[in-house]
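Student: Could you show me how to read the contacts in a two-chain model, one feature at a time?

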Amino acid sequence: MARPIRGNAISGWQVQRNVISALVYRELKTRVSEVRFGVLGVFIEPLGVMAVFLAIFSAIRGNRGTLDVALFLMCGIVLFTLFNDIAIRSLNAMKANEALFFYRPVKPIDTVIARGLVESGLYAIVLLVISMAIFLMREQWMLADPPLLAICFICLAATALGLGLILMVAGHRYPSLHQFVPLAMRPLWFISGVFFSTSALPAWLLPWISWNPVVQAIELSRHAFNPDYVLPEAISLPYLVTCTALSCCIGLWIYSNNERLLLTR
Amino acid sequence: MIKVSNLSKSYLHKGKRVSVFQNLDFELNSGESVALLGRNGAGKSTLLRILGGIDQADSGTIEADCSMSWPVGLTGGFQGSLSGRENTTFVSKIYAGHDPELIEEKVRRVEEFAELGVHFDRPFKTYSSGMRSRVTFGLSMAFDFDVYLIDEVTSAGDERFRKRSKEVLEQRHEIADFIMVDHNLWGLKFHCDRALLLHNGSLIEFDDLEEGIATHKKLLENPTQHELVAA
């Protein structure tokens with residue numbers, strides 16, 4: 001008894017798009033269901049953390065140079081947190097989402113992309129809300145180059161995603177990385193220019209700091225707020241974009257060679 | 001048609017390879033439903049998971065020209081803090097795509113089948129096992145697959161749910177095939193034409209379901225009677 005094959009065939013891209021949109025839906029609903037005050041509650045935590053950081057560090061630092069200290073610190077803290085969150089969450093993606101691979105179209109990379117999209121959206125809104133608050137307090141609009149800010153943000157998120165794919169595979173092969181990577185993120189916080197500007201560094205130290213795409217993105221975004229904020233030559237957008245492309249390519253290459261391994265129990 | 005050749009699966013347990021089954025070969029034609037028999041731990045669910053594509057075999061190939069469901073009746077993939085409706089929407093988005101009306105229709109079908117009333121909007125973790133079965137079974141049947149992998153679906157749930165799930169399975173049986181695991185042998189007799197018996201890592205095919213069940217029962221009584229299988 002032969003039967004026609006039912007179900008309309010759709011392309012791989014459409015399947016992936018459907019899966020990612022379903023995962024984003026699930027992620028958002030879960031976050032909203034786990035906090036009070038509904039949708040607003042989701043933003044209260046990161047906003048609160050940022051506000052506390054900003055208050056403490058602006059009190060310590062005082063106003064410096066061309067860029068408002070609150071904006072200076074906000075760029076550092078929000079972008080670093082974005083990078084850190086995407087990377088760490090990807091590292092834990094296999095464990096956190098194991099039950100989802102029960103549905104055949106869901107692949108590990110989809111969970112990483114969906115989480116990355118949700119985190120990026122969340123921190124993009126946090127960044128906008130805090131800048132608005134600062135603008136209102138200063139009664140002055142200070143964002144000179146919005147596209148540059150957006151590009152820095154997207155490049156950093158994509159770099160973190162590529163790194164996240166590598167970490168996901170590595171963490172699955174070597175479970176001890178689950179302890180090690182969060183530890184390694186702490187020194188990264190100190191060398192990522194969250195508190196300092198690269199133009200204030202001595203020339204001999206600069207190359208040891210500027211290789212890091214996180215520093216690049218943070219410094220470029222400060223420049224986007226105020227073009228008078230000076231950047232050393234070592235900080236450049238093409239370098240950041242190259243890092244992003246490299247990170248994504250290597251991440252995808254490693255992932256595609258290991259997808260089967262990730263899905264084997 | 002599903003063609004399985006040379007399929008082997010093992011797990012790594014404390015550094016040692018433990019084999020589940022080796023070199024399975026079988027073919028399932030479209031239009032026939034099979035019962036998967038074997039004692040607890042024989043590897044039935046593992047085989048279903050591999051057929052469903054959610055676990056990978058060590059070696060061997062599966063060729064299939066039909067769509068296969070996820071193992072019906074398992075609650076994996078449901079988020080406890082989300083409601084039945086939200087979990088259903090999530091799965092519908094994966095399988096039904098971008099069309100909001102289609103997704104809504106699927107969710108409505110599940111809601112009608114589950115008959116949970118207000119509980120459909122309460123967190124899934126508050127559900128009893130019978131309520132969970134109603135939602136997961138309703139969800140699986142809301143989608144059209146060529147082959148349904150059914151793992152012990154009717155064991156939980158009350159009389160009404162069993163009766164209605166039986167009706168739904170009957171209807172679906174007219175247009176789709178089943179690969180069933182069920183320790184309720186009567187249910188198997190009702191839906192299946194053939195039997196596959198997993199024993200000691202190998203697989204025996206029975207063209208006659210009754211014969212398969214008889215051998216299965218003998219092996220349950222006396223698991224070391226390997227000559228029954230060799231015959």
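Student: Which side chains meet K29(A) or E86(B) in a salt bridge, and how should I read such a pair?

Tutor: The general idea is that a salt bridge is assigned by distance, with a side-chain nitrogen of Lys or Arg within 4 Å of a carboxyl oxygen of Asp or Glu. In this predicted model, the side chains of K29(A) and E86(B) are joined in this way, at 3.7 Å from N to O. The pair crosses between chains, running from helix α1 of chain A, where K29(A) sits, to helix α2 of chain B, which carries E86(B).

Student: What does the rest of the contact between the chains look like, in residues and in area?

Tutor: Chain B brings 39 residues to the contact and chain A brings 29. Between them the two chains bury about 3,200 Å², with 53% of it on carbon and sulfur atoms. On the chain B side, the residues that lose the most area to chain A are Q56(B), F90(B) and I94(B), which together make up 19% of what that side buries.

Student: How many residue pairs are in polar contact across the interface, and which elements of chain B supply its side?

Tutor: Three residue pairs are found in polar contact across the interface, both residues being at pLDDT 80 or more. At least two residues of the chain B side come from each of β1 (2–13), α1 (44–51) and α2 (84–96) of chain B. Of the elements in chain B, α2(B) gives the most to that side, with seven residues. Sorted by class, the side of chain B that touches chain A has 17 nonpolar, twelve polar and ten charged residues.

Student: How should I read a salt bridge within a chain, such as the one that R172(B) forms with D144(B)?

Tutor: Here one looks at the distance, and then at where the partners lie along the chain. The closest N and O atoms of R172(B) and D144(B) are 3.8 Å apart. R172(B) belongs to helix α5 (residues 159–173) of chain B and D144(B) to the loop between α4 (129–141) and β5 (147–151) of chain B, so the pair ties together parts that are 28 residues apart in sequence. R172(B) counts as buried, at 11% relative accessibility, and D144(B) as partly exposed, with a relative accessible area of 42%.

Student: Where do the partners E205(B) and R194(B) lie?

Tutor: E205(B) forms a salt bridge with R194(B), the closest N and O atoms being 2.9 Å apart. Strand β8 (residues 202–206) of chain B holds E205(B) and strand β7 (residues 194–199) of chain B holds R194(B), so this pair ties together parts that are eleven residues apart in sequence. E205(B) is partly exposed, with a relative accessible area of 36%, and R194(B) is buried, with a relative accessible area of 8%.

Student: Which residues do salt bridges that share partners join into one network?

Tutor: The network is made up of E27(A), R31(A), R89(A), R115(A) and E119(A).

Student: Which residues touch the most other members of the largest nonpolar core?

Tutor: A core is read as a set of buried nonpolar residues joined through side-chain atoms within 4.5 Å. The largest nonpolar core has 68 residues, and Y103(A), F90(B) and V135(B) touch the most other members. The element that gives the most to this core is α1(A), with six residues. A second, separate core has 58 residues, among them A70(A), L91(A), L156(A) and F225(A).

Key
Residues numbered from 1 in each chain as written. Chains lettered and ligands numbered in written order. Predicted model: local features only at pLDDT ≥ 70, side-chain atom pairs only at ≥ 80, totals over all residues. Heavy atoms only, no water. Contact = heavy atoms within 4.5 Å. Buried area = accessible area lost by both parts, 1.4 Å probe. Polar contact = N/O pair within 3.5 Å; in protein donor to acceptor, adjacent residues only side chain to side chain. Helix = DSSP H or I, 4+ residues; strand = E, 2+ residues; numbered from the N terminus. Nonpolar A, V, L, I, M, F, W, Y, C, P; charged D, E, K, R; others polar. Buried < 20%, exposed > 50% of the residue type's maximum accessible area, 1.4 Å probe, protein only.
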